[in-house]
Amino acid sequence: MIAAEVNVLDRVFSYCDNILEGRIKAGKKHIWAVKRFLKDFEDCQNDDSPFYFDEVEGDDFYWWSREFHHVEGVLAGKPVELTDFQLFISVNIFCFKKKRNGARRFRKVYIQLARKNAKSQFLAIVGSYIAFLGDEKQRMYIAGWQKDQSDEVYIAVRDGIGSSELLSGKWKESYGKIEVLNNGSVVVPLSRETRKQGDGKNPSVGIVDEYHLHETSEIYDVLNSGMVARKEPLMFIITTAGFDLSRPCFTEYEYVSRILDPDDPIENEDYFAIICELD
């Protein structure tokens, strides 16, 4: 596919059709997420909807992603080409907006996905898009239960923006954080000690990585409670499946499963979720 010919929304709708028609195999909750998107898109065409759909934002995010280049493997040096699945997630996150103030509709995102699906690279593109192009000083915090988990996404951000000629000279790295020079936005990996020290104040983007490994919700709570002053905060939970049902990730999993279930009365207009699992 030639980049100049890409129509992001057409690709997303085609992806949804392929899911619903069974040409792409998907689990029940994945299908629920697709049906929710299509219903939300249709609903926001109505005059009385509190939301609207900004197609241009989806195109902007796609072109931003192509500033990133693969840094290793057989694709090293080539521009990133988002998959239809990644475009589906990105238009949900960025294109639904509130009519009253133009802010993003979704304030929380839950993604449950198997390993080796380029989640760190995708989160790096999302986080850098907000950090570099946001209207205000952005604070992006990356939090794993162990430091190496936080560092994985942080390194993906650093390598990604470092691979872009457009961004050359527009950021710096010092004292373990990335700073965007034109607006002062920062990207910071947080250690496990966050839950004791209370670091990560006033975040605009929080990424809680591999939540199934978190023994408590303390890191999530620190980031989430610090977002109250932000116009359009974005809290990410991204995880693979876990086995310990006593951990906070399972509670969150049960909750977002109910949001996705079209037959469940639970609704949350601020929360996007997608769960990719075997039925």
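Student: How many salt bridges does a search of the whole structure find?

Tutor: In this predicted model, a search of the whole structure finds 14 salt bridges. One of the pairs is formed by Arg-11 and Glu-81, whose closest N and O atoms are 3.0 Å apart. Because Arg-11 lies in helix 1 (residues 8-20) and Glu-81 in the loop between helix 3 (55-65) and helix 4 (84-95), this pair ties together parts that are 70 residues apart in sequence. With a relative accessibility of 12%, Arg-11 counts as buried, whereas Glu-81, at 32%, counts as partly exposed. Both residues also belong to a network of salt bridges, in which they are linked with Arg-66 and Asp-84.

A further salt bridge joins the side chains of Lys-29 and Glu-277, with an N to O distance of 3.3 Å. Here, too, distant parts of the chain are linked, since Lys-29 sits in helix 2 (residues 28-43) and Glu-277 in the segment after strand 10 (271-275), 248 residues apart. Lys-29 has a relative accessible area of 11% and is therefore buried, the cut-off being under 20%, while Glu-277, at 24% relative accessibility, counts as partly exposed.

Finally, the side chains of Arg-258 and Asp-264 meet in a salt bridge at 2.9 Å, N to O.

Conventions. Residues are numbered from 1 along each chain as its sequence is written. This is a predicted model: local features need pLDDT of at least 70, side-chain atom pairs count only at pLDDT 80 or more; totals for chains, interfaces and linings use all residues. Side-chain values use heavy atoms; hydrogens and water are left out. A salt bridge is a side-chain nitrogen of Lys or Arg within 4 Å of a carboxyl oxygen of Asp or Glu. Helices (H or I, at least four residues) and strands (E, at least two) are DSSP runs, numbered from the N terminus. Buried means under 20% relative accessible area, exposed over 50%, partly exposed in between (1.4 Å probe, protein chains only).
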